[in-house]
Amino acid sequence: MFKNAYFAGGCFWCTESIFQRIKGVSQVIPGYMGGFIKNPDYREVCTGNTGHTETIKITYDKNIVSYAELLEIFFSIHDPTTPNRQGNDTGSQYRSAIFFENQIERIQITECISLFEKNKIYNESFVTEINEKLEFYEAEIEHHDYYNQNKSQPYCQYIIRPKIKKFNSIFDKYSVEK
């Protein structure tokens, strides 16, 4: 059975490239969520004035990979303790956020965060926003499959490729290299 998940963990090129490599994930679409502007475009979102965050919509088969497993990966591949920043990408459009579709997902999110904090995976407390799903606006086509289409671009080589390498080393059992 296919379900959707909505995660924002910095640049959507980075998060898209990781979740495309997970067994059971059939589609990852970059887009925008959480703001107050209808039909925003990349240039508008990059100003930080729309309230949107770069978000990915993940379509996955829950019989192959669970929502809880996706959460564990999500919280491991970005820094959920840094407000409005991931690496060199700064601004509210890069904030950490999850948009849940139902109360079961909301509970799973808070349980996952509690487990990470209890085990002191990070030195700081989580700042990840937990919000009910809002309107998802698909990003422009040039942002789709960005890493796979632009592997030689410097941002891809120096920022995204190390994240993929980290994912593969930690979550090898979930990895399907594309």
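Guide: The account below begins with the sheet and then turns to the helices.

The model is predicted, so local features need pLDDT of at least 70 and side-chain atom pairs count only at pLDDT 80 or more, while totals for chains, interfaces and linings use all residues. Residues are numbered from 1 along each chain as its sequence is written, and side-chain values use heavy atoms, with hydrogens and water left out.

Helices (H or I, at least four residues) and strands (E, at least two) are DSSP runs, numbered from the N terminus. Six strands make up an open sheet of mixed pairing, in the order E7-E6-E1-E3-E2-E8; two strands pair if DSSP finds at least two bridges between them. Strand E1 and strand E6 (residues 96–100) are joined by four bridges in the antiparallel sense, and Ala8 has Ala97 in E6 as its bridge partner.

Two helices pack on this sheet. Helix H3 touches E1, strand E2 (25–33), strand E3 (53–61) and E6, and its direction makes about 15° with that of E1. Helix H4 (residues 103–118) touches E1, E6 and E7, its direction lying at about 150° to that of E6. Contact here means heavy atoms within 4.5 Å; axes are lines fitted to C-alpha atoms, for helices over the stretch in contact, and angles run from 0 to 180 degrees between N-to-C directions.

Not counting residues up to four places away in sequence, Asn4 touches Lys57, Ile58, Thr59, Tyr60, Glu101 and Glu105. The side chains of Asn4 and Thr59 make a polar contact at 2.9 Å; the term denotes a pair of N or O atoms within 3.5 Å, where within protein one must be able to donate a hydrogen and the other to accept it, and residues adjacent in sequence count only if both atoms are side-chain atoms.

The axes of H3 and H4 come within 10 Å and cross at roughly 45°. The two helices are therefore oblique to each other, given that angles under 35 degrees count as roughly parallel, over 145 as roughly antiparallel, 65 to 115 as roughly perpendicular and the rest as oblique. H3 passes H4 in a right-handed crossing; a crossing is right-handed if the near helix is turned clockwise from the far one by less than a right angle, and left-handed if anticlockwise. Tyr67, Ala68, Leu71, Glu72, Phe75 and Ser76 of H3 meet Glu105, Gln108, Ile109, Cys112, Ile113 and Phe116 of H4. These residues divide into eight nonpolar, two polar and two charged, where Ala, Val, Leu, Ile, Met, Phe, Trp, Tyr, Cys and Pro count as nonpolar, Asp, Glu, Lys and Arg as charged, and the others, Gly among them, as polar.

H3 (residues 67–77) also packs with helix H1 (residues 12–19), at an angle of about 135° and with axes 11 Å apart. That angle makes H1 oblique to H3. Thr15, Ile18 and Phe19 in H1 meet Leu70, Ile73, Phe74 and Ile77 in H3.
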